[in-house]
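The sequence and the structure come first.

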Amino acid sequence: MKVLVTGGAGFIGSALVRHLVLARGDQVCTLDKLTYSGSLTNLKAVEHHPAHQFAQVDICDGQAVRSCINDFAPDVVMHLAAESHVDRSIDGPGEFIATNVVGTYTMLEAAREYSQQHSGFRFLHVSTDEVYGSLGRTGTFTETTPYAPNSPYSASKAGSDHLARAWHETYGLDVVITNCSNNYGPYQFPEKLIPLVTLNAINRRDIPVYGDGMQVRDWLYVEDHVLGLCQVVEKGRPGRTYNLGGENERANIDIVQTIIDAVALHTGQDVQQMQSLIKHVDDRPGHDRRYAIDISRVRQELNWQPTTDFEQGIRQTVRWYIDNQPWCEGLSEVYAGQRLGQLKQLQKGR
Ligand code: NAD
Ligand code: DAU
């Protein structure tokens, strides 16, 4: 396949590009603006590979997007480019509307135009379970759960999902959509819970836990997600949505403990000393309490399911962060571990 991957210099996108090029032998063009969360360092493994090329393009720039698609002539677009961090969306929603809503619209329009000359072309829109809002103690999200996004991030992703669906229904563009739960693994930008806690534990810095730490997320190893995306692209039904998840619900406070145990295992650091770094801080505004995904559809129709054991995946991930300190230090200019997304600070600033 010839695959154009948007957001391929980010966390999930770079795992996808490595898989497509190195494991599957696909020809790949990575299209990425290289925002604070995207880096060519994430693509070192394919840097000189003849089957990989890179284009620094903003997905909101229609002309640049169109020429990239026309020049590369892909069979498939896998659209991952997005502003991805909930806390940043609280501080500054504008970028999220621009990239996630307008950028997705721009991608869909360019794809629609291109598809008129290229039969068999397909567009995968990669989205999140956060569009469904928050669950109580029981229940799971299915593909028919009504949308109820609570953060500017999830609202912008919900908007982009609706656009992708509409471009299929109205224009007949071959679109497939995935809504996935929380990913973890190597190369995740350290604003997110798992890398932040890992680096703070290693470096003996405070570990911020929002509120009571009993919020639940359904964690999926990034390489399992990548395999799911490939299944959906290859076998998904046009216009259909597929939920992807880890069947692995954990409270945040338990995640922190699992990471501390893994750091202790790899470095010999004292568990109790690391536990003393845990600080319960003000909760995230609009914080969703629980996410859980029902993956019956993708399991039954496309034969996909997660395979990475969580404790094993966390140990691998922690090992990666220990072994890749220069990668982490290189990011400290753009993000130094500070708290983001606090309404109090916004109000003070007014
Ligand atoms: P990330 O922030 O690590 O990477 C995003 C990438 O998009 C970066 O390389 C960035 O440079 C690029 N980008 C941002 N704005 C752009 C623009 N205007 N034009 C071109 N490129 C741009 O994010 P991630 O965690 O890898 O998430 C990738 C996708 O998967 C997103 O669409 C996200 O909503 C979705 N998703 C993420 C998770 C998760 O747990 N991380 C779960 C479900 C779905
Ligand atoms: O569910 C899928 C979504 O998962 C993706 O769509 C998003 O792109 C991705 O960022 C992620 O969103 P979350 O908000 O769930 O991830 P985050 O790592 O920011 O937070 C995970 C949980 O940990 C959440 O309940 C907030 C909490 N948290 C987070 C940070 C950064 C803390 O308690 N302390 C922290 O310092």
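Which polar side-chain atom lies 2.8 Å from an oxygen atom of ligand 1? The atom belongs to serine 37.

## Basis

This is a predicted model, in which local features need pLDDT of at least 70 and side-chain atom pairs pLDDT 80 or more, while totals for chains, interfaces and linings use all residues. Residues are numbered from 1 along each chain as its sequence is written, chains are lettered from A and ligands numbered from 1 in the order in which they are written, and side-chain values use heavy atoms, without hydrogens and water.

## Ligand 1

Backbone atoms also approach the ligand: a backbone N or O atom of glycine 10 is 3.0 Å from an oxygen atom of ligand 1, and a polar backbone atom of phenylalanine 11 lies 3.0 Å from an oxygen atom of ligand 1. Of the 830 Å² of accessible area (Shrake-Rupley method, 1.4 Å probe) that ligand 1 has on its own, the protein covers 97%.

The shell around ligand 1 holds 28 residues (a heavy atom within 4 Å), and Ile12, Asp32, Ser84, Tyr153 and Lys157 are the closest.

## Helix H2

Helix H2 spans residues 62–72, and its buried residues (under 20% relative accessible area, 1.4 Å probe, protein chains only) are Gly62, Val65, Cys68, Ile69 and Phe72. Seen down the axis of H2, these residues fall within an arc of 135 degrees (taken from the directions from the helix axis to the C-beta atoms), so they line one face of the helix. Gln63 and Asp71, which are exposed (over 50%), sit on the face turned away from the buried side.

Just after H2, alanine 73 has a positive phi of about 55 degrees.

Methods. A polar contact is a pair of N or O atoms within 3.5 Å; within protein, one must be able to donate a hydrogen and the other to accept it, and residues adjacent in sequence count only if both atoms are side-chain atoms. Helices (H or I, at least four residues) and strands (E, at least two) are DSSP runs, numbered from the N terminus.
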